[in-house]
Amino acid sequence: MSAPFPLHREALAEIAADSSAVFAVLDDHRRLSAHMEKPSLMMAGATMTTELDSLRGQAVGSVIRMKGRILGMSLQVEEVVIHHEPPVRKTWETRGQPRLLVIGRYQMGFELSPAATGTHLRVWIDYSLPSGLVGRWLGQRLGRVYADWCVTRMVRDAVKFFNKG
């Protein structure tokens with residue numbers, strides 16, 4: 001973990017599918033971030049929309065933007081893909097200063113490795129607290145819960161995708 005991202009959360013699962021199939025599902029950034037586009041308690045009923053560039057978040061340098069509103073406040077974050085190694089791993093990180101409530105800048109990704117019955121999945125986030133007094137206060141109380149929710153939802157959604165058949 002590097003100094004700009006002193007906090008870490010992750011979620012793990014074993015998926016009964018080969019790593020190429022799992023990577024293809026997770027490499028669809030709209031599907032991966034779908035939990036952000038649905039109202040939830042964790043988002044205080046708000047949603048965020050995902051905008052992809054022409055590379056669709058599937059190549060190094062590709063840009064992903066998410067925007068929304070929560071409790072009357074505008075939220076936005078811009079991410080850039082920094083590693084894209086099918087079918088093993090993908091990493092992206094914030095670009096600039098995000099406007100989020102309980103986490104600040106972050107680096108996030110997933111890694112796949114062989115497992116006894118398919119593929120071992122690890123989704124992780126390394127993050128910092130938001131800047132500003134109120135943001136830091138909120139982040140200290142809710143950042144870990146929010147980061148756990150994000151990585152857990154990504155893992156659960158992947159498991160659910162492969163178990164639906």
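Is Trp149 buried or exposed? Trp149 is buried, with a relative accessible area of 13%. Keep in mind that this is a predicted model. A search of the whole structure turns up eight salt bridges, and the structure also holds four aromatic pairs. There's a nonpolar core to look at too, the largest one having 36 residues. Below is a quick tour, topic by topic.

**Salt bridges**

- Let's start with Arg122, which forms a salt bridge with Glu10; their closest N and O atoms are 2.8 Å apart.
- That pair ties together distant parts of the chain: Arg122 sits in strand β7 (residues 118-127) and Glu10 in strand β1 (residues 7-15), 112 residues apart.
- Glu10 counts as partly exposed, at 34% relative accessibility.
- Next up are Arg65 and Glu78, whose side chains meet in a salt bridge at 2.8 Å, N to O.
- This pair links distant parts of the chain as well, with Arg65 in strand β3 (residues 63-70) and Glu78 in strand β4 (residues 73-85), 13 residues apart.
- Arg65 is partly exposed, with a relative accessible area of 31%, and Glu78 is partly exposed too, at 22%.
- Glu85 and Arg89 also bring their side chains together in a salt bridge, at 3.0 Å from N to O.
- Glu85 has a relative accessible area of 33%, so it is partly exposed; Arg89, at 25%, is partly exposed as well.
- Back to Glu10 for a moment: salt bridges with shared partners join Glu10, Glu111 and Arg122 into one network.

**Aromatic rings**

- The structure holds four aromatic pairs, and one of them is Tyr146 with Trp149, a tilted pair at 5.7 Å centre to centre with 40° between the planes.
- Tyr146 and Trp149 are three residues apart in helix α3 (residues 133-163), so about one helical turn separates them.
- Like Trp149, which is buried at 13%, Tyr146 is buried, with a relative accessible area of 13%.
- Phe161 and Phe162 make an edge-to-face pair, because their ring centres are 5.0 Å apart and their planes lie at 80°.
- Both of these residues are partly exposed: Phe161 has a relative accessible area of 27%, and Phe162 has 23%.
- Phe23, Trp92 and Phe110 come together as one aromatic cluster.

**The nonpolar core**

- As background, nonpolar side chains in soluble globular proteins tend to be buried together.
- Here, the largest nonpolar core has 36 residues, and those with the most contacts inside it are Leu26, Ile103, Tyr106, Met108, Phe110, Leu121 and Ile125.
- Which elements give two or more residues to this core? They are β1, α1 (19-26), β3, β4, β6 (106-115), β7 and α3.
- Helix α3 gives the most to the core, with eight residues.
- Leu26 makes a handy example: leaving out residues up to four places away in sequence, Leu26 touches Leu32, Phe110, Leu112, Leu121 and Ala158.

**Two serines in loops**

- Where is Ser62 found? Look in the loop between β2 (48-52) and β3.
- Ser62 is buried, with a relative accessible area of 0%.
- The side chain of Ser62 makes a polar contact with the side chain of Asp53, at 2.7 Å.
- If you set aside neighbours within four places in sequence, Ser62 is in contact with Asp53, Leu55, Arg56, Gly57, Glu79, Val80 and Val81.
- Ser128 has its place in another loop, the one between β7 and α3.
- At 13% relative accessibility, Ser128 counts as buried.
- Ser128 and Glu93 are 35 residues apart in sequence, and their C-alpha atoms are 12 Å apart in space.

Methods
Residues numbered from 1 in each chain as written. Predicted model: local features only at pLDDT ≥ 70, side-chain atom pairs only at ≥ 80, totals over all residues. Heavy atoms only, no water. Salt bridge = Lys/Arg side-chain N within 4 Å of Asp/Glu carboxyl O. Helix = DSSP H or I, 4+ residues; strand = E, 2+ residues; numbered from the N terminus. Buried < 20%, exposed > 50% of the residue type's maximum accessible area, 1.4 Å probe, protein only. Phe/Tyr/Trp six-rings, centres within 6.5 Å; stacked < 30°, edge-to-face > 60°. Core = buried A, V, L, I, M, F, W, Y, C linked by side-chain atoms within 4.5 Å. Contact = heavy atoms within 4.5 Å. Polar contact = N/O pair within 3.5 Å; in protein donor to acceptor, adjacent residues only side chain to side chain.
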